[in-house]
Amino acid sequence: MDKITVKIAKTPLDIKKAYGVRELVFMEEQGVSREEEMDEFDGAATHIIAYYDDEVAGCARIRFLGNKSKLERIAVLLRFRKKGIGKKIVDFLVAYSKEKGATEAVMHAQIYANDFYVKCGFKPRGEEFMEANIRHVEMYMEL
Ligand SMILES: CC(C)(COP(=O)(O)OP(=O)(O)OC[C@H]1O[C@@H](n2cnc3c(N)ncnc32)[C@H](O)[C@@H]1OP(=O)(O)O)[C@@H](O)C(=O)NCCC(=O)NCCS
């Protein structure tokens with residue numbers, strides 16, 4: 001049985017749950033400040049929530065900029081990692097990007113997670129840069 005479900009966070013409660021994952025993963029675990037984490041793009045973004053059985057396990061958000069989709073805030077709670085949830089979230093975002101007519105999916109990936117994104121079909125592009133005091137590189141997938 002497939003225990004992992006990924007869906008669009010439609011209700012305010014769903015969105016609150018997605019923000020809860022970001023608080024635990026990015027703010028508490030990685031030390032990102034609330035100001036940087038909860039930025040001005042949250043209002044217009046589409047939020048995604050992942051469940052493992054009926055427990056909230058992960059989240060992401062996606063924005064569309066021209067012909068590109070931008071995948072952001074991809075996070076899986078520590079105790080649910082390495083179960084395939086992150087990949088399911090990325091697969092969902094890629095499928096959603098295609099559905100919306102984007103021709104390229106892009107993200108700013110933390111360097112340590114490069115191999116994860118490569119396994120999801122993304123390629124690095126350009127130089128490393130700092131974001132929220134964490135080393136990143138742009139990664140992309142042609143759709
Ligand atoms: C990165 C993250 C989302 C991965 O989620 P996950 O649910 O553990 O990933 P999955 O279980 O779907 O992994 C899919 C594949 O990638 C691999 N993988 C996962 N994390 C990896 C990592 N950090 N480095 C290398 N490979 C990794 C898995 O082993 C698996 O490989 P397999 O298919 O050969 O078995 C998760 O570690 C996380 O939330 N990290 C903290 C937040 C973060 O840094 N997000 C990225 C912001 S850019």
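This is a predicted model: local features need pLDDT of at least 70, side-chain atom pairs count only at pLDDT 80 or more; totals for chains, interfaces and linings use all residues.
Where does Asp-53 lie? Asp-53 is in the loop that runs between β2 (46–52) and β3 (55–65).

Is Asp-53 buried, partly exposed or exposed? It counts as partly exposed, because its relative accessibility is 38%, and the band for that label runs between 20% and 50%.

There's another residue of this kind to look at. Asn-133 also isn't a glycine, and its phi is positive too, at about 65 degrees. You'll find Asn-133 in the loop between β6 (123–131) and β7 (134–142). Why do we call Asn-133 exposed? Because its relative accessible area is 72%, and exposed means over 50%.

Okay, on to the ligand. Which residues come nearest to the ligand? There are 21 residues around it, and the nearest are Val-76, Gly-84, Gly-86, Lys-87 and Tyr-112. If you sort the shell by residue type, you get 10 nonpolar, five polar and six charged.

Where do those shell residues come from? Several elements supply at least two each: helix α1 (12–29), strand β4 (68–76), helix α3 (85–99), strand β5 (104–110) and helix α4 (114–119). Which element gives the most to the shell? That's α4, with four residues.

Now let's zoom in on oxygen atoms of the ligand. Lys-87 puts a backbone N or O atom 2.8 Å from a ligand oxygen. With Gln-30 the side chain is involved: one of its polar atoms is 3.0 Å from an oxygen atom of the ligand. And Gln-110 has an N or O atom in its side chain that is 3.4 Å from a ligand oxygen. How much of the ligand does the protein bury? On its own the ligand exposes 910 Å², and the protein buries 79% of that. As for the space itself, the ligand takes up the largest pocket.

Met-130 is 20 residues away from Gln-110 in sequence, and their C-alpha atoms are 9.3 Å apart in space. Met-130 sits in strand β6, and it counts as exposed because its relative accessibility is 54%. Asn-67 and Gln-110 are 43 residues apart along the chain, and 23 Å separates their C-alpha atoms. Asn-67 belongs to the loop between β3 and β4. With a relative accessibility of 44%, Asn-67 counts as partly exposed.

Strand β4 came up as a supplier of the shell, and Glu-72 is found in that strand. Is Glu-72 buried or exposed? It counts as buried, because its relative accessibility is 7% and the label applies under 20%. What does the side chain of Glu-72 contact? It makes a polar contact with the side chain of Lys-70, at 2.8 Å.

Two more pairs and then I'm done. How far is Ala-50 from Gly-86, C-alpha to C-alpha? They are 36 residues apart along the chain, with 8.8 Å between those atoms. Remember that Gly-86 was among the residues nearest the ligand. Ala-50 itself lies in strand β2, and it counts as buried because its relative accessibility is 0%.

The other pair is Arg-34 and Ala-75. They are 41 residues apart along the chain, and their C-alpha atoms are separated by 16 Å. Arg-34 is in helix α2, which covers residues 34–37. At 41% relative accessibility, Arg-34 counts as partly exposed.

Definitions and conventions. Residues are numbered from 1 along each chain as its sequence is written. Side-chain values use heavy atoms; hydrogens and water are left out. A residue is near a molecule or strand if one of its heavy atoms lies within 4 Å of it. A polar contact is a pair of N or O atoms within 3.5 Å; within protein, one must be able to donate a hydrogen and the other to accept it, and residues adjacent in sequence count only if both atoms are side-chain atoms. Accessible areas come from the Shrake-Rupley method with a 1.4 Å probe; for residues, only the protein chains shown count as cover. On a 1 Å grid over the protein atoms alone, a cavity is a set of points where a 1.4 Å probe fits but cannot get out, and a pocket is an open set with protein on both sides within 12 Å along at least five of seven lines; lining residues have an atom within 4 Å of a point. A molecule sits in a cavity or pocket if more than half of its atoms lie within 2 Å of its grid points. Ala, Val, Leu, Ile, Met, Phe, Trp, Tyr, Cys and Pro count as nonpolar, Asp, Glu, Lys and Arg as charged, and the others, Gly among them, as polar. Buried means under 20% relative accessible area, exposed over 50%, partly exposed in between (1.4 Å probe, protein chains only).
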